[in-house]
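Please find below a colleague's note on the model under review. The points begin with a single residue and then turn to the chain as a whole.

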Amino acid sequence: MSNKNIVRVRPGELTLTEKVVNINRVAKVTKGGRTFSFTALVVVGDGHGTVGHGLGKSNEVIDAINKGIEDAKKNLIKVPVINGTVPHEQLGKFGGGRVFLKPASHGTGVIAGGAMRSVLESAGVTDVLAKSKGSSNPHNVVKATFDALTSMRDPHTVAHMRGISMKQVFNG
């Protein structure tokens, strides 16, 4: 049984901001030579716990970014953000990418690398300590960050799942 809480969100109800994480030029070799196109990895979020990522491919950079934004709006998830930080430590994995997220006190800021920083800022996390281990491929890092964020649970969810009060969650 997986403990991931994936809550789908309708994009029409939110005001989302977009961040382009990575743009890559790719080539297809044909009989007549190389045909170049572009891929864009995009992260969207509302800054209040809703975030998504998408990949767009096209012959033009602008079109690839727009396709990535549309794909990201289809993959929105809800993330628990408590007082601007994550609720607990969490390790996320995807492919060769490994990320570690740790709560931080108010005023610390987002201590994270480029791809993770985009995801965490789009989600509305303002204070977090993060470490990227393993692969530095932006696609793997973004997906590993999403794995870590979807595995997080806030204290209300834990209390509800265990059938106990909030006081018992903290006092054991």
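**Notes on the model**

1. Val79 touches Gly49, Val51 and Leu149, leaving aside residues up to four places away in sequence; a contact here means heavy atoms within 4.5 Å. The model is a predicted one, in which local features need pLDDT of at least 70, side-chain atom pairs count only at pLDDT 80 or more, and totals for chains, interfaces and linings use all residues. Residues are numbered from 1 along each chain as its sequence is written, and side-chain values use heavy atoms, with hydrogens and water left out.

2. Val79 sits in the loop between strand 4 (77-78) and strand 5 (90-94). Helices (H or I, at least four residues) and strands (E, at least two) are DSSP runs, numbered from the N terminus. Val79 counts as buried because its relative accessibility is 4%, where buried means under 20% relative accessible area, exposed over 50% and partly exposed in between (1.4 Å probe, protein chains only). Between the C-alpha atoms of Val79 and Ile65, 14 residues apart along the chain, the separation is 24 Å.

3. Leu149, one of the partners of Val79, also touches Pro80, Val86, Leu101, Val119 and Leu120, again not counting residues up to four places away in sequence.

4. Which residues of the largest nonpolar core touch the most other members? They are Val51, Leu101, Met116, Val119, Leu120, Val142 and Leu149, in a core of 25 residues. Strand 2 (33-45), strand 6 (97-103), helix 2 (114-123), strand 8 (128-134) and helix 3 (138-151) each supply at least two residues of this core. Helix 3 gives the most, with 6 residues. A second, separate core of 9 residues includes Ala40, Val42, Ala64 and Ala72. A nonpolar core is a set of buried Ala, Val, Leu, Ile, Met, Phe, Trp, Tyr and Cys residues joined through side-chain atoms within 4.5 Å. In soluble globular proteins, nonpolar side chains tend to be buried together.

5. The protein chain contains 5 helices and 8 strands, arranged along the sequence as β-β-β-α-β-β-β-β-α-β-α-α-α. Its C-alpha trace spans about 70 × 35 × 35 Å along the principal axes.

6. Of the 172 residues in the protein chain, 38% are buried. Among contacts with a separation of 6 or more, residues 24 or more positions apart account for 58%.
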